[in-house]
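User: Please go through this structure with me in short questions and answers.

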Amino acid sequence: MTEPQATTTTEGTTMTTYTERAYLRDVRKRLGGLTPDQRDAVLDDIHAYFSDAAEAGRSPEQAVESLGNPAQFTARIRAELGYEPWAVAAARQRPPAGIVVTLVLALAIGVVGGYLAVESAGAAVQARQLADAVGTLEAQDDVMTALARERELVTVASLPCPEGVTPCAARQAETALLRGVPEVDEDGRPVTRKNGDVVYAAPSAFEQTAAATERRDELVTRLETSALREEARVAMEQTVFDSEELPRIQGQVAERRIAPQPVVKAYNIFIDDVVTVPAELARATDDHELSDLLTAHQAVNEMIAANASERPLVTMLVTTSTNGATPGGEDTRVVGEITYSNTRMEAANTALERVPGDERVPPMEGTLGTMRDLILQGDSARADLLDTYTADSVRWDEEASLIRDDLRERTVALAESRATSARATFLITAGVAGVALLIALVTGVVLVARTRRGSTRAGQPARDLAGSPA
Amino acid sequence: MNDVRIATNLRKGVLEYCVLALLARGEKYGLELADDLIARELIASEGSLYPLLARMRENELVEPRSVASGAGRPRRYYAITERGTEQLTAFAQVWMPLSAQVNALLEESR
């Protein structure tokens, strides 16, 4: 490309050179952000200046040197007109620190709070379901008590009635089992209606067990157990399944179609299934205090069940021994039962040591203790002690049941408290996370709006931002 | 070096009013105005004047107009506007007593 030569009229009044055109072109290019009017005015100034300079006898190069190179010149123009692209860009890129800090903090709190809320939501659901499950333990205990009584009555009802003994304990047990507990007068004789029907003071054991299982089953089947450990869920479901099997056993007992021992074994299974529930619930929680209470509840219940199992066997042993019947291994079974009860008692007291308070399973004193000691020593024919033993054993049951009931109430209260706390924790963390995320959203919107505004103003004079000329 | 910095800062503050004061005497074309300011050591080169004129024009303190100049291209003259005059008056009201006080102080401190 050939360099155009400067063209100057002889009068020196007009000058259009490559230097001038190049300078103007460069300046025009660098004033892209100005309004057309502003740009044209500046270019007119330069154009006029070159003319004035030429008329004054200055060369284009001298004129350019006086103005400064296009970059410097346009930088001054932009600065004077308030165009400060660097400042605007910087302002756009550096949003107010307060907003950024708020946004970052709110996001951090929102994310951490959200994570904690999700975690605590799971914990809250689990705690709620555990509390509800623990709330069914009273119904389970009632079922266990009813089953233990039924088992005892089935055992006693299977015993022979000695001749001349009225009322016979076996017949009384059968009546209590099938018909109910007769109302007796002051002389201990059953009260009858005018038509000769016996008046019953309490429903039959079968009816009582049926009522207890029905109530328990209704509560358990209503439970939401999705957040519980599978073992706990299965344990509770098993007790409900047992309810379907129980009427079949009761029917066979009523028809005397099965021997007492298989029936007792069936009852043992039903009772074990009920006793297992608090143990599985204890394993379903990481809360040691709650777990210890549930474990103690289960241990005391096992001890009560063991004593309730022991009592009819002792009755059977003493009765058969007194009748001169061949023990048929009953003595060995009863010794084994008493030994098992003793280990359960130790286990119950060990479990009770782990919970607050100094409650212990009541000692087996009086005739209860004496009879057990005699049997362990091989003397199983103390019929004279049987009634007192039975009364002491029942009383012991009642005392141990009071301890169990107290444990259960404490367990229920603690589980409810934990569920309430877990829910509160969830609500607080979710609330904090929600508020934090809301703040983050608002600050984010503000930030975006400011950025956009800054971006829009990047092409406008900075004085618009400052409110006065730069 | 310190003298230059003081002079630069002072000039920055008053240059606009000096231009107005010169134009208050009568309109001038760019180079004429620049030469006057350079002669008074208020600017170093034309490169400082035109950006200032651009702002003053934007702020409606001065206005350009083209005047035919013989056979050559028309000259671009600058004239002070009414607003520019008001600004100059306001500046003078501030500057006179201020400069008097500063001068007096400087005299006293000698």
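Analyst: A polar contact is a pair of N or O atoms within 3.5 Å; within protein, one must be able to donate a hydrogen and the other to accept it, and residues adjacent in sequence count only if both atoms are side-chain atoms. The model is predicted, so local features need pLDDT of at least 70 and side-chain atom pairs count only at pLDDT 80 or more, while totals for chains, interfaces and linings use all residues. Residues are numbered from 1 along each chain as its sequence is written, chains are lettered from A and ligands numbered from 1 in the order in which they are written, and side-chain values use heavy atoms, with hydrogens and water left out.

User: How many residue pairs are in polar contact across the interface of chain B and chain A?

Analyst: The contact between the chains involves 29 residues of chain A and 23 residues of chain B (contact: heavy atoms within 4.5 Å). With both residues at pLDDT 80 or more, the number of pairs in polar contact across this interface is 14.

User: What area is buried between chain B and chain A?

Analyst: Buried area is the accessible area (1.4 Å probe) that two parts lose on being put together, summed over both. In chain B, the residues that lose the most area to chain A are Tyr50(B), Arg73(B) and Arg76(B), together 32% of what that side buries. Carbon and sulfur atoms give 50% of the total, which is about 2200 Å².

User: How many salt bridges are there between chain B and chain A?

Analyst: A salt bridge is a side-chain nitrogen of Lys or Arg within 4 Å of a carboxyl oxygen of Asp or Glu. One pair is Glu80(A) with Arg55(B), at 2.5 Å from N to O. The whole structure has 35 salt bridges over all chains; between chain B and chain A the count is eight.

User: Is Asp52(A), which meets Arg75(B) in a salt bridge, buried or exposed?

Analyst: The side chains of Asp52(A) and Arg75(B) are 3.2 Å apart, N to O. The pair joins two chains, because Asp52(A) lies in helix α2 (residues 36–55) of chain A and Arg75(B) in strand β3 of chain B. Buried means under 20% relative accessible area, exposed over 50%, and partly exposed in between (1.4 Å probe, protein chains only). Arg75(B) has 13% and is buried; Asp52(A), at 3%, is also buried.

User: How many residues apart are Glu310(A) and Arg372(A)?

Analyst: Their side chains form a salt bridge of 2.6 Å, N to O, and both residues are buried. Glu310(A) is in helix α12 (residues 288–322) of chain A and Arg372(A) in helix α14 (residues 366–376) of chain A, so the pair links distant parts of the chain, and the separation is 62 residues.

User: What pattern does chain B follow along the sequence?

Analyst: Of the 110 residues in chain B, 42% are buried. The chain has four helices and three strands. Read along the sequence, their pattern is α-β-α-α-β-β-α.

Methods: Contact = heavy atoms within 4.5 Å.
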